[in-house]
Amino acid sequence: MPHRYELDACGRYRAAMPQTPRLTRRRLLAAGVGAAAIGGLEGARGSGIRTWYQHLTGACDVTAASLPRSHPYVATGSFDSRAARAQVGYAISLPHAETDVARLPLVVCLPGRDTSAEGMLNLSLPDYAAAAGGHLALACVEGGSSYWHRRASGEDRMAMLTGEFLPMLSRQRGLGHAGLGTLGWSMGGYGALLAAELRPDLFGAAAALSPAMWTTYAQQHSAVPDAFDSQTDYDRFNPYTRTEGLAHTPVFIACGRSDPFHTADVEFATTLKPRPQTLFTSGCHDDDFWRSAAPHAMAFLTRHLGSRVLLEG
(Lines give C-alpha, C1' and ligand atoms only; values in the text may rest on other atoms or scores of the structure.)
Protein backbone atom coordinates (compact mmCIF):
# COMPACT_ATOMS: atom_id res chain seq x y z
CA MET A 1 0.00 0.00 0.00
CA PRO A 2 1.59 3.35 -1.01
CA HIS A 3 2.65 5.82 1.62
CA ARG A 4 0.67 9.03 1.93
CA TYR A 5 2.71 12.17 1.40
CA GLU A 6 2.05 15.81 2.20
CA LEU A 7 3.86 19.00 1.28
CA ASP A 8 5.58 21.08 3.88
CA ALA A 9 5.74 24.87 3.71
CA CYS A 10 8.93 24.72 1.62
CA GLY A 11 7.37 22.55 -1.06
CA ARG A 12 9.08 19.34 0.05
CA TYR A 13 7.19 16.06 0.22
CA ARG A 14 7.23 14.35 3.60
CA ALA A 15 5.51 11.25 4.93
CA ALA A 16 2.21 12.42 6.34
CA MET A 17 1.72 12.31 10.08
CA PRO A 18 -1.58 10.99 11.48
CA GLN A 19 -4.16 13.74 11.31
CA THR A 20 -5.27 15.42 14.52
CA PRO A 21 -8.35 17.58 15.03
CA ARG A 22 -7.80 21.09 13.72
CA LEU A 23 -7.82 23.95 16.21
CA THR A 24 -9.88 26.90 15.09
CA ARG A 25 -9.01 30.43 16.15
CA ARG A 26 -12.09 30.51 18.37
CA ARG A 27 -11.05 27.29 20.12
CA LEU A 28 -7.54 28.63 20.52
CA LEU A 29 -8.74 31.78 22.26
CA ALA A 30 -11.23 29.82 24.35
CA ALA A 31 -8.42 27.62 25.57
CA GLY A 32 -6.49 30.70 26.64
CA VAL A 33 -3.57 30.01 24.35
CA GLY A 34 -2.24 33.36 23.17
CA ALA A 35 0.51 34.77 21.05
CA ALA A 36 3.09 33.86 23.69
CA ALA A 37 2.54 30.19 22.95
CA ILE A 38 3.14 30.80 19.26
CA GLY A 39 6.22 32.84 20.05
CA GLY A 40 7.61 29.97 22.07
CA LEU A 41 7.75 27.94 18.89
CA GLU A 42 9.75 30.47 16.89
CA GLY A 43 13.03 28.92 17.82
CA ALA A 44 11.94 25.47 16.76
CA ARG A 45 13.37 24.16 13.55
CA GLY A 46 11.32 22.41 10.90
CA SER A 47 8.65 23.43 8.43
CA GLY A 48 6.01 21.41 10.28
CA ILE A 49 5.73 24.31 12.73
CA ARG A 50 4.93 26.69 9.90
CA THR A 51 2.31 24.38 8.45
CA TRP A 52 0.74 23.97 11.90
CA TYR A 53 0.74 27.74 12.35
CA GLN A 54 -0.98 28.26 9.00
CA HIS A 55 -3.80 25.97 10.02
CA LEU A 56 -3.96 27.49 13.47
CA THR A 57 -4.27 31.07 12.25
CA GLY A 58 -6.86 30.31 9.60
CA ALA A 59 -4.57 30.65 6.57
CA CYS A 60 -5.84 27.28 5.39
CA ASP A 61 -9.51 27.96 6.09
CA VAL A 62 -11.69 27.63 3.02
CA THR A 63 -15.35 26.91 2.44
CA ALA A 64 -16.34 24.04 0.19
CA ALA A 65 -19.79 23.91 -1.36
CA SER A 66 -22.23 21.71 0.52
CA LEU A 67 -23.67 19.22 -1.93
CA PRO A 68 -26.21 16.42 -1.77
CA ARG A 69 -24.80 13.13 -2.91
CA SER A 70 -25.45 12.58 -6.62
CA HIS A 71 -25.23 8.76 -6.45
CA PRO A 72 -23.21 8.37 -9.65
CA TYR A 73 -22.26 5.09 -11.26
CA VAL A 74 -18.68 4.31 -10.16
CA ALA A 75 -16.39 1.54 -11.33
CA THR A 76 -12.81 0.83 -10.24
CA GLY A 77 -10.17 -1.48 -11.59
CA SER A 78 -6.57 -1.82 -12.66
CA PHE A 79 -4.59 -2.81 -15.72
CA ASP A 80 -1.04 -3.89 -16.49
CA SER A 81 0.75 -0.99 -18.14
CA ARG A 82 3.82 -1.57 -20.26
CA ALA A 83 4.55 2.17 -20.36
CA ALA A 84 4.31 2.59 -16.57
CA ARG A 85 5.98 -0.79 -15.95
CA ALA A 86 3.43 -1.44 -13.23
CA GLN A 87 -0.15 -2.31 -12.52
CA VAL A 88 -2.10 0.93 -12.58
CA GLY A 89 -5.34 1.59 -10.72
CA TYR A 90 -8.19 3.65 -12.08
CA ALA A 91 -11.69 4.82 -11.22
CA ILE A 92 -14.54 5.83 -13.54
CA SER A 93 -17.61 7.89 -12.74
CA LEU A 94 -20.74 8.39 -14.86
CA PRO A 95 -23.84 10.40 -13.93
CA HIS A 96 -25.90 7.19 -14.09
CA ALA A 97 -25.28 3.57 -15.01
CA GLU A 98 -27.51 3.91 -18.08
CA THR A 99 -25.86 7.14 -19.28
CA ASP A 100 -25.41 7.40 -23.04
CA VAL A 101 -21.65 7.95 -23.20
CA ALA A 102 -21.62 8.66 -26.93
CA ARG A 103 -22.29 12.36 -26.28
CA LEU A 104 -20.71 12.62 -22.84
CA PRO A 105 -17.38 14.51 -22.64
CA LEU A 106 -14.68 12.77 -20.63
CA VAL A 107 -12.47 14.47 -18.05
CA VAL A 108 -9.30 12.56 -17.22
CA CYS A 109 -8.38 13.20 -13.58
CA LEU A 110 -4.73 13.02 -12.54
CA PRO A 111 -4.19 12.74 -8.76
CA GLY A 112 -1.31 13.87 -6.61
CA ARG A 113 1.87 11.97 -5.92
CA ASP A 114 1.41 8.37 -4.77
CA THR A 115 -2.33 8.88 -4.48
CA SER A 116 -4.99 6.32 -5.34
CA ALA A 117 -7.25 6.91 -8.31
CA GLU A 118 -10.12 6.82 -5.86
CA GLY A 119 -8.89 10.20 -4.65
CA MET A 120 -11.37 11.76 -7.04
CA LEU A 121 -14.11 10.23 -4.89
CA ASN A 122 -12.54 11.56 -1.70
CA LEU A 123 -12.68 15.03 -3.25
CA SER A 124 -16.35 14.47 -4.23
CA LEU A 125 -15.55 15.26 -7.87
CA PRO A 126 -18.53 13.27 -9.22
CA ASP A 127 -20.86 15.29 -6.98
CA TYR A 128 -19.38 18.58 -8.12
CA ALA A 129 -19.64 17.45 -11.73
CA ALA A 130 -23.32 16.65 -11.18
CA ALA A 131 -23.89 20.06 -9.60
CA ALA A 132 -22.29 21.71 -12.63
CA GLY A 133 -24.80 20.09 -14.95
CA GLY A 134 -24.05 16.39 -14.84
CA HIS A 135 -22.76 16.26 -18.40
CA LEU A 136 -19.30 14.84 -17.77
CA ALA A 137 -17.75 11.42 -17.36
CA LEU A 138 -14.72 11.26 -15.06
CA ALA A 139 -11.85 8.80 -15.23
CA CYS A 140 -9.00 8.96 -12.72
CA VAL A 141 -5.73 7.07 -13.23
CA GLU A 142 -2.78 6.74 -10.88
CA GLY A 143 0.48 8.57 -11.56
CA GLY A 144 2.72 7.05 -8.89
CA SER A 145 5.59 9.45 -8.21
CA SER A 146 6.47 9.84 -11.89
CA TYR A 147 5.64 13.51 -12.44
CA TRP A 148 3.83 12.46 -15.60
CA HIS A 149 6.75 12.27 -18.00
CA ARG A 150 9.21 9.66 -19.23
CA ARG A 151 11.83 8.90 -16.60
CA ALA A 152 15.37 7.53 -16.87
CA SER A 153 14.04 4.24 -15.48
CA GLY A 154 11.85 3.85 -18.57
CA GLU A 155 8.61 4.55 -16.69
CA ASP A 156 6.38 6.82 -18.77
CA ARG A 157 3.03 7.67 -17.22
CA MET A 158 2.18 10.18 -19.95
CA ALA A 159 2.50 7.44 -22.56
CA MET A 160 0.40 5.24 -20.29
CA LEU A 161 -2.28 7.94 -20.17
CA THR A 162 -2.50 8.75 -23.88
CA GLY A 163 -1.37 5.44 -25.39
CA GLU A 164 -2.99 2.89 -23.07
CA PHE A 165 -5.58 4.28 -20.66
CA LEU A 166 -7.55 6.47 -23.05
CA PRO A 167 -7.62 3.80 -25.82
CA MET A 168 -8.80 1.27 -23.21
CA LEU A 169 -11.64 3.56 -22.11
CA SER A 170 -12.64 4.09 -25.72
CA ARG A 171 -12.48 0.41 -26.62
CA GLN A 172 -14.13 -1.03 -23.52
CA ARG A 173 -16.60 1.71 -22.56
CA GLY A 174 -16.99 4.00 -25.56
CA LEU A 175 -15.67 6.99 -23.61
CA GLY A 176 -13.78 9.95 -24.98
CA HIS A 177 -15.48 10.43 -28.36
CA ALA A 178 -17.48 13.50 -27.32
CA GLY A 179 -14.51 15.59 -26.16
CA LEU A 180 -11.63 15.25 -23.71
CA GLY A 181 -10.40 17.43 -20.89
CA THR A 182 -7.91 17.11 -18.06
CA LEU A 183 -8.17 17.91 -14.36
CA GLY A 184 -5.41 17.35 -11.85
CA TRP A 185 -4.29 18.37 -8.39
CA SER A 186 -0.78 18.79 -7.00
CA MET A 187 1.54 16.58 -9.09
CA GLY A 188 -1.51 15.73 -11.17
CA GLY A 189 -2.17 19.43 -11.72
CA TYR A 190 1.25 19.70 -13.33
CA GLY A 191 0.45 16.58 -15.33
CA ALA A 192 -2.88 17.97 -16.53
CA LEU A 193 -1.21 21.11 -17.87
CA LEU A 194 1.66 19.15 -19.42
CA ALA A 195 -0.74 16.72 -21.11
CA ALA A 196 -2.69 19.61 -22.63
CA GLU A 197 0.55 21.27 -23.79
CA LEU A 198 1.88 18.08 -25.38
CA ARG A 199 -1.41 17.07 -26.98
CA PRO A 200 -3.49 20.15 -27.82
CA ASP A 201 -5.08 18.05 -30.57
CA LEU A 202 -6.42 15.65 -27.94
CA PHE A 203 -7.47 17.74 -24.94
CA GLY A 204 -10.01 20.52 -25.36
CA ALA A 205 -9.68 22.06 -21.89
CA ALA A 206 -7.42 21.76 -18.84
CA ALA A 207 -7.97 22.50 -15.16
CA ALA A 208 -5.19 22.41 -12.56
CA LEU A 209 -5.66 22.66 -8.80
CA SER A 210 -2.47 23.67 -6.99
CA PRO A 211 -0.23 22.37 -9.79
CA ALA A 212 3.15 21.34 -8.34
CA MET A 213 5.57 23.42 -10.40
CA TRP A 214 8.82 25.29 -9.87
CA THR A 215 10.28 28.17 -11.84
CA THR A 216 13.84 26.78 -11.77
CA TYR A 217 15.51 23.40 -11.59
CA ALA A 218 17.38 24.48 -8.46
CA GLN A 219 14.09 25.12 -6.65
CA GLN A 220 12.68 21.79 -7.78
CA HIS A 221 15.79 19.81 -6.89
CA SER A 222 15.92 21.35 -3.42
CA ALA A 223 12.23 20.67 -2.76
CA VAL A 224 11.51 17.31 -4.44
CA PRO A 225 14.80 15.88 -5.75
CA ASP A 226 13.22 12.93 -7.58
CA ALA A 227 10.61 14.90 -9.53
CA PHE A 228 13.00 15.16 -12.50
CA ASP A 229 16.10 13.17 -13.37
CA SER A 230 18.36 16.09 -14.28
CA GLN A 231 18.50 19.68 -15.47
CA THR A 232 18.02 18.39 -19.01
CA ASP A 233 14.97 16.41 -17.96
CA TYR A 234 13.52 19.44 -16.18
CA ASP A 235 14.13 21.68 -19.21
CA ARG A 236 12.49 19.19 -21.55
CA PHE A 237 9.28 18.93 -19.53
CA ASN A 238 9.16 22.40 -18.02
CA PRO A 239 5.59 23.66 -18.64
CA TYR A 240 6.79 27.27 -18.69
CA THR A 241 8.64 26.64 -21.96
CA ARG A 242 5.71 24.87 -23.65
CA THR A 243 2.95 27.42 -23.21
CA GLU A 244 2.44 27.74 -26.96
CA GLY A 245 0.77 24.36 -26.74
CA LEU A 246 -2.03 25.98 -24.73
CA ALA A 247 -2.60 28.87 -27.15
CA HIS A 248 -5.97 27.46 -28.21
CA THR A 249 -6.87 25.51 -25.07
CA PRO A 250 -9.06 26.99 -22.31
CA VAL A 251 -7.20 26.71 -18.99
CA PHE A 252 -8.30 27.01 -15.36
CA ILE A 253 -5.74 27.31 -12.54
CA ALA A 254 -6.49 27.49 -8.81
CA CYS A 255 -4.08 27.75 -5.89
CA GLY A 256 -4.27 28.86 -2.26
CA ARG A 257 -2.24 31.84 -1.13
CA SER A 258 -0.63 29.76 1.65
CA ASP A 259 0.33 27.00 -0.78
CA PRO A 260 4.10 26.64 -1.37
CA PHE A 261 3.39 26.55 -5.11
CA HIS A 262 1.36 29.78 -5.14
CA THR A 263 4.11 32.02 -6.51
CA ALA A 264 5.06 29.61 -9.29
CA ASP A 265 1.42 28.99 -10.23
CA VAL A 266 0.63 32.71 -10.43
CA GLU A 267 3.72 33.27 -12.56
CA PHE A 268 2.73 30.45 -14.88
CA ALA A 269 -0.78 31.86 -15.27
CA THR A 270 0.61 35.25 -16.24
CA THR A 271 2.69 33.69 -19.04
CA LEU A 272 -0.34 32.18 -20.79
CA LYS A 273 -1.94 33.93 -23.73
CA PRO A 274 -4.85 34.19 -23.68
CA ARG A 275 -5.00 34.51 -19.92
CA PRO A 276 -6.52 31.51 -18.13
CA GLN A 277 -9.41 31.58 -15.72
CA THR A 278 -7.88 31.65 -12.24
CA LEU A 279 -8.87 31.24 -8.61
CA PHE A 280 -6.15 32.52 -6.28
CA THR A 281 -7.66 32.79 -2.85
CA SER A 282 -7.04 31.70 0.74
CA GLY A 283 -6.06 28.09 1.29
CA CYS A 284 -3.22 25.59 1.61
CA HIS A 285 -2.01 22.55 -0.33
CA ASP A 286 -4.65 20.16 0.95
CA ASP A 287 -7.95 18.42 0.30
CA ASP A 288 -9.92 21.28 1.82
CA PHE A 289 -8.69 23.73 -0.79
CA TRP A 290 -9.16 21.26 -3.64
CA ARG A 291 -12.76 20.63 -2.60
CA SER A 292 -13.38 24.36 -2.46
CA ALA A 293 -11.95 24.84 -5.97
CA ALA A 294 -13.57 21.75 -7.49
CA PRO A 295 -16.99 23.35 -8.22
CA HIS A 296 -15.28 26.14 -10.16
CA ALA A 297 -13.15 23.65 -12.09
CA MET A 298 -16.13 21.45 -12.95
CA ALA A 299 -18.23 24.42 -14.05
CA PHE A 300 -15.32 25.54 -16.25
CA LEU A 301 -14.87 22.10 -17.84
CA THR A 302 -18.60 21.60 -18.32
CA ARG A 303 -18.89 24.96 -20.03
CA HIS A 304 -16.00 24.43 -22.45
CA LEU A 305 -16.33 20.72 -23.18
CA GLY A 306 -20.12 20.76 -23.18
CA SER A 307 -20.25 23.69 -25.60
CA ARG A 308 -18.05 21.77 -28.02
CA VAL A 309 -20.49 18.88 -28.07
CA LEU A 310 -23.47 21.20 -28.55
CA LEU A 311 -21.78 22.97 -31.43
CA GLU A 312 -20.73 19.74 -33.08
CA GLY A 313 -24.22 18.30 -32.60
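## Before we start

Because the model is predicted, local features need pLDDT of at least 70 and side-chain atom pairs count only at pLDDT 80 or more, while totals for chains, interfaces and linings use all residues. Residues are numbered from 1 along each chain as its sequence is written, and side-chain values use heavy atoms, with hydrogens and water left out.

Helices (H or I, at least four residues) and strands (E, at least two) are DSSP runs, numbered from the N terminus.

Let's begin with strand 8, residues 205–209, where five of the five residues are buried. Buried means under 20% relative accessible area, exposed means over 50%, and partly exposed is in between (1.4 Å probe, protein chains only). Cover comes on both faces: Ala205, Ala207 and Leu209 are buried on one side, and Ala206 and Ala208 on the other.

Which strands pair with strand 8? Two strands pair if DSSP finds at least two bridges between them. Strand 7 (residues 180–185) runs parallel to strand 8, with five bridges, and Thr182 has Ala206 as its bridge partner. Strand 9 is also parallel to strand 8, joined by four bridges; here Leu209 stands opposite Ala254.

Strand 7, helix 7 and strand 8 together form a right-handed β-α-β unit. Right-handed means that, with the strands pointing away from the viewer, the path from the first strand over the helix to the second runs clockwise.

Helix 10 spans residues 262–271, and its buried residues are His262, Ala264, Asp265, Phe268 and Ala269. These residues lie on the same side of helix 10 because they cover an arc of only 165 degrees around the axis, taken from the directions from the helix axis to the C-beta atoms. Their cover includes helix 7 (187–198), strand 9 (251–256) and strand 10 (277–281).

Now look at helix 11 (residues 287–312), which holds Thr302. Is Thr302 buried or exposed? Thr302 is buried, with a relative accessible area of 12%. Its side chain reaches the backbone oxygen of Met298 at 2.8 Å.

## The nonpolar cores

A nonpolar core is a set of buried Ala, Val, Leu, Ile, Met, Phe, Trp, Tyr and Cys residues joined through side-chain atoms within 4.5 Å. The largest one has 55 residues, and Leu106, Val141, Met160, Leu161 and Phe165 touch the most other members. Another core, of 29 residues, lies apart from it and includes Leu125, Leu183, Phe252 and Ala254.

Technical notes
Contact means heavy atoms within 4.5 Å. A polar contact is a pair of N or O atoms within 3.5 Å; within protein, one must be able to donate a hydrogen and the other to accept it, and residues adjacent in sequence count only if both atoms are side-chain atoms.
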